[in-house]
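Please keep the structure open beside the text while reading.

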Amino acid sequence: MRNLEAESKYYQEEKMFHGYIPYIMGTRFDMVVIHANQNMMNQLWQRILHEMSHWEHLMNRYDARSEAARINRRAPSCSFSVSKEMVQILRLCQDYRERTMNLFDVTLGSIPFEIQDDLRVYQTSQTSLDFGGFAKGYALQKIV
């Protein structure tokens, strides 16, 4: 995982914390929290930075070392291992796709995966995963 360029500041008079990441998941991230405990906010920010870096590394298809990029390089008709979190993400994406009558799709085409068990995926055809907006929503939901 890479270290994120990030800034934070606590405004004592307002009891307000502001954290900022200028570039993550193709966008900027700002967090503003009103809380009286500055130390707690700093600890929370460090945890969020760690998690955001993790999710960026997991789902960024442009990072050759990410799990999404490794999946995108796989040839069709093969079975391979993925992380437990990636299995959960793929299942969630399949569910969203079905519930939106195929309007939501993180693949460029159709979801060409069969989840065989907890950590194995069978790729039925070549695809390109693009988690884009899903990754942002996933991260925000997890942060909450």
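A salt bridge is here a side-chain nitrogen of Lys or Arg within 4 Å of a carboxyl oxygen of Asp or Glu, and a search of the whole structure under that criterion finds 5 salt bridges. The model is predicted, so that local features need pLDDT of at least 70 and side-chain atom pairs count only at pLDDT 80 or more, while totals for chains, interfaces and linings use all residues. Residues are numbered from 1 along each chain as its sequence is written, and side-chain values use heavy atoms, with hydrogens and water left out.

**Arginine 28 and aspartate 30**
- The side chains of arginine 28 and aspartate 30 form a salt bridge with an N to O distance of 2.6 Å.
- Arginine 28, at 48% relative accessibility, is partly exposed, and aspartate 30, at 34%, is partly exposed (buried means under 20% relative accessible area, exposed over 50%, and partly exposed in between, with a 1.4 Å probe and protein chains only).

**Arginine 61 and aspartate 130**
- Arginine 61 pairs with aspartate 130 in a salt bridge whose closest N and O atoms are 3.4 Å apart.
- This pair links distant parts of the chain, 69 residues apart, with arginine 61 in the loop between α1 (38-59) and α2 (67-73) and aspartate 130 in the loop between β6 (120-123) and α4 (132-143) (helices, H or I of at least four residues, and strands, E of at least two, are DSSP runs numbered from the N terminus).
- Arginine 61 is partly exposed at 25% relative accessibility, and aspartate 130 is partly exposed at 30%.

**Aspartate 63 and arginine 65**
- Aspartate 63 and arginine 65 meet through their side chains in a salt bridge of 3.4 Å, N to O.
- Aspartate 63 is buried at 15% relative accessible area, whereas arginine 65 is exposed at 52%.
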